[in-house]
Amino acid sequence: MKKSNFPESQFELQIPDPLRTDEMTLSMGPQHPSTHGVLQVILKTDGEIVNSARPQIGYLHRCFEKHAENITWHQVIPFTDRLDYIASMNNNLGYAIGVERMMNLEVNERAEYLRVIVAELNRIASHLIALGTYGLDIGAFTPFLYVFRDREKILDLFEEICGARLLYNYVWVGGVAYDAPEGWREKVLEFVDYFEPKIKEYNDILTYNKIFIERTANVGVIPADVGISYGVSGPSLRGSGVNFDLRKDDPYSVYDRFEFDVITGKGEMGTIGDTWDRYWVRVAEMYESAKIIRQAAEQLPEGDAKETIPRNIKVPAGEYYMRTETPRGELGYYIISDGGKMPNRVKVRSPAFCNLSVLPAIAPGVMIADLVAIIGSLDIVLGEVDR
Amino acid sequence: MEPLVQFFYILLPFLRDWPEWLALTVIGIVAALLMFGFVAIFALFAIWLERKVSAHMQDRIGPMEVGGWHGWAQTIADTIKLLVKEDIVPENADRILFKLAPAIVFTAALAGFAVLPWTQDFIPADLNVGLLYILSVSSFAVIGILMGGWASNNKWSLYGAMRSASQMVSYEIPVALALLAVVMNAGTLSMRHLVMAQSGNILDWNVFNFFPLTAVAFIIYFVASLAEVNRTPFDLPEGESELVGGFHTEYSGMRFAFFFLGEYANMYVVSAIATTVFLGGWLPPFEFLSFIPGPIWFVGKAMTMVFIQMWLRWTLPRLRVDQLMYTCWKVLTPFSFAIILLIGLWKVI
Amino acid sequence: MKQYFKNIYEAIATILVGMGVTWRHLFTRAVTVQYPHVKRELPERSRMQLFVDMDDCIGCMQCQRACPVDCIDIKTIRAGKEEDLGEAGNGTKKKLHVVQFYIDMAKCCYCADCVFPCPTGAIRMTPEYEFITYDRSSLLINFSQYSDEERAALEERERKEKEAQAAAKAARLKAAEEAKKTAAAQKDESKSE
Amino acid sequence: MTAQEIHDTIQGKFPDVIIEFNDSVLQPYIKCTPNQFNEVCQFLRDEEELNFDALMNCSGVDYGEELGVVYHLYSMTHRHKIVLKVNVTRENAEIPTVADIWRTADWHEREIFDLYGINFINHPDMRRILLPDDWEGYPLRKDYVQPQFYNGIEIAHPDMKGNSDEEK
């Protein structure tokens, strides 16, 4: 892999064009339909061509890290829900495992399996939203509704197991908040059976649509080395052909017991690392998640999922950087404890934050419509970018 | 004498006793009002239909509350809402142009109705250059859109206006060429005579004439007309996910309603042209169905085309600007030239 | 050239496939639930509005401490020795008057963290979700069964008790000091002897 | 490579940079001095055996008397990790940037500047990132006092914890 220091001028693309006219500064967002929240991108455009794009973030800053220093270890969990509100289960999981490892706590088997099931279900739900909103960015409205129809079924499952549909507060330090109710396991298996054929439908209407391919292939290519240097992770990095999945490469929970493949972009429709590859990695990952869910649900052991939840969380002084694979990529919690009731510091290394930071590097030279496609393919959630 | 005037004289015999100038004025006003009424009712119906079609295609059910049966009065309620809304003009907008733009777009759409042949007798104006006229007035819409986008003094609107100008001007060409392929055969530009040339059964319609050449011309016309009326996959001037609202970003209330009305009226106009030129206008597909009156056939065929437009809209993503131009100049235009050439050769041989 | 025609063919073919999908969906059943007319049965774990059964509440304030957003505000007054406040549902003896039990549903984040520590199961989340109001202050619910007068009386009593206690304490302290002084004096005396 | 080996490699190249090396905690760390830090990072990334091509995380910490920045490095090829720590004094909080080595550090350093007030020397774009540009103070420092007003807007909600005087 090639190594180079990136010069400062990376931000401004120099186009040696004698016909170049004045640039127009365009403020895209914070209220714009396809910035996925309150992201502002300052564009310098030359006609339809984007010369530079600078994201301005912070419109949704909710002081998570400051909050976390003033609440108890357990109370942080509802706040982690609100980081990436599309995939709250995964956010809970990362924090819970981080604290468990600091406490050197062994978690009940059943709880571990339930965690994997909910995390993967949530991954599917999150990828579905990514897929639907991506279609919306490109201009296709209908797939958006189809994915919401299927996501609804996942939310119903979540509602049944933990009572909430979006902000679950389900994965706790030492276990899970509720054991699975009677018949829940069967419903999960039923859902997986229902869901897998539906992916073909999305492929028919969106993935293999010629217009969609033309819009996304060869657009916003992130070369692997640039992606790694910018800290891009998750499906966005795998789209660039890097075989890196924390579930495989740095296993946590019981992920090492399941059979699944790591999907990487192959450049089927264009260049490796273009937006279509990133999109396709998400679609194919839903299959893999479904596979994991099926295995986990079938092997779900008996037991008491709440057995190992400590009554009082006493974290010995120390520090730990825990990273997990959320739908958006590598979510890291850097937790420092001074042995007290509250964390001394919880830093969130949010995947969406790092993924978004690559935008100035790949935006120059694309069209405004492509920029929308690139932002969509990075699948950012502003709740996590701004924290 | 104009067929329309004849039609009214038959319908209302007392008009014959009036002085001619008065009778003509009255007939003109009545016909215009009829057209306007039709456009308004059609737009209300089409918007409701679009909502329903999109909803059912997306596993939803759409509006169900207002008016009772399947929310039929929803668009009426929405229209009333739009009409009573505050009329907002941005502070730095060019006020005159800003206010004029929706009117121009709507007028351009409405003017197209003047030459649509509903039946053999009811044609508001049976021009001998009807097709040329309709192509000309429909180009007016681009001026309105450009005005609206420019006058809004908003960068997104400007983008929408620029895109719209390039798109609509470019797509005039395949539209005209595809129609020319048929006109060459029929040897007339009058809408009435174009239909009458197709009398017979379904196989005499232009779309099946010179098979498959005119069928391809029909598809080219249909695709290009989608671009003419800014429908998905060519809705770049609006492009809500890229340009917020495109040229009508700053419009609200009644002016927005007029843009909207203009869009739906345009949808009907291009469908009606397709019906007239390719699908046999008011003629029934088979002889034994001729007991059903002509206007029903005409509106029915046009509505089918409108439905297909909606169907496409709720299926397809949007093209990018360069791909839009590619489709026009490198796909549709060469193909329509080829078809003209081939039909010419066919006629000669 | 070949690619050109292939592209056109692919475009038409995939568009038709997509149209086929939407056409099929035109005739499938919609999944919409017509909300105010049809209401979904919510699972029993649904976390919607908080409810406190004051008969069971023993005023231990566990929920208030657990709440990450401080939406619970409890004030208790110790019961007198002769008072019997009864028992909670699981047999725990109540020893505190819960004169105030505010839950601000506007602040609540529906995490249900308050439900788990409750020793008597008095606080719980109910599947009741229709509690919108026009007035934010009506989301502040006081579950306490004590009227203002009762509360004022209890507070008055507590204040008096506290005063009495403080007086007693001061007296004790004084006495202790006196005792100390006399002891020191005695010591001095004994020393001098 | 184990942490010990990584430490030895750096020690061999830069003898007077490492202040402390701790192998007995969950994640072994190396504490460095701020000077020459950029060169150390460059070495860590470019040395074939180390090849730390990914900066997983970069976070500021307030240790009380000192401020610190913690770098979590990872190598995609060798799959090993190391933690680097750099401490600076509160008064003179300056660290050489690593944004030219790992581009992801660009935003992370901006965030640390924003919340801790640590200045990164030679950073291409040292501005606040999450908070408004005219915000005063560095909120994640432990001695930060929340202001009552921002541009004339009252930011302290009466319900906020620890804000009203009566609660104290």
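Some bookkeeping comes next. This is a predicted model, in which local features need pLDDT of at least 70 and side-chain atom pairs count only at pLDDT 80 or more, while totals for chains, interfaces and linings use all residues. Residues are numbered from 1 along each chain as its sequence is written, and chains are lettered from A and ligands numbered from 1 in the order in which they are written.

On confidence, pLDDT is the predictor's own score for each residue, from 0 to 100. Chain B averages 83, with 99% of its residues scoring at least 70.

A residue is called buried if 20 or more other C-beta atoms lie within 10 Å of its own, exposed if 12 or fewer do, and partly exposed in between, with C-beta atoms placed from the backbone. An α-helix has 3.6 residues a turn, so residues three or four places apart point the same way. Chain C itself is assigned domain 1 (1-31) and domain 2 (50-148), the bounds coming from an automatic or database domain assignment. The C-alpha centres of these two domains lie 58 Å apart.

Between chains, a contact means two C-beta atoms, placed from the backbone, within 7 Å. Chain A puts 21 residues in contact with 20 residues of chain C. Helix H2 (76-81), H5 and H6 of chain A each give at least two residues to that side, and H5(A) has the largest share with five. By class, the chain A side holds nine nonpolar, six polar and six charged residues; nonpolar covers Ala, Val, Leu, Ile, Met, Phe, Trp, Tyr, Cys and Pro, charged covers Asp, Glu, Lys and Arg, and the others, Gly among them, count as polar.

Of the five pairs of chains that touch, A and D have the most contacts. Their contact takes 29 residues from chain D and 33 from chain A. On the chain D side, two or more residues come from each of helix H2 (37-46), strand S3 (54-62), strand S4 (66-74) and helix H3 (105-116). S3(D) gives the largest share, six residues, and the side as a whole has 17 nonpolar, five polar and seven charged residues. Chain D does not touch chain B, and their nearest C-alpha atoms are 25 Å apart.

Chain D has three helices and nine strands, running α-β-β-α-β-β-β-β-α-β-β-β from the N terminus. Its C-alpha trace spans about 55 × 35 × 30 Å along the principal axes, and 38% of its 168 residues count as buried.

The largest nonpolar core has 300 residues, and Ile117(A), Ile374(A) and Val105(B) have the most contacts inside it. Such a core is a set of buried Ala, Val, Leu, Ile, Met, Phe, Trp, Tyr and Cys residues joined through C-beta atoms within 7 Å. Helix H4 (residues 109-138) of chain A supplies the largest share, 17 residues. Beyond its neighbours within four places in sequence, Ile374(A) has contacts that include Val219(A), Leu359(A) and Ile362(A).

Arg82(A), by contrast, sits in the loop between H2 and helix H3 (88-103) of chain A. Arg82(A) counts as partly exposed because it has 19 C-beta neighbours inside 10 Å. Its contacts, leaving aside neighbours within four places in sequence, are Leu167(A) and Gly383(A).

Technical notes:
Helices (H or I, at least four residues) and strands (E, at least two) are DSSP runs, numbered from the N terminus.
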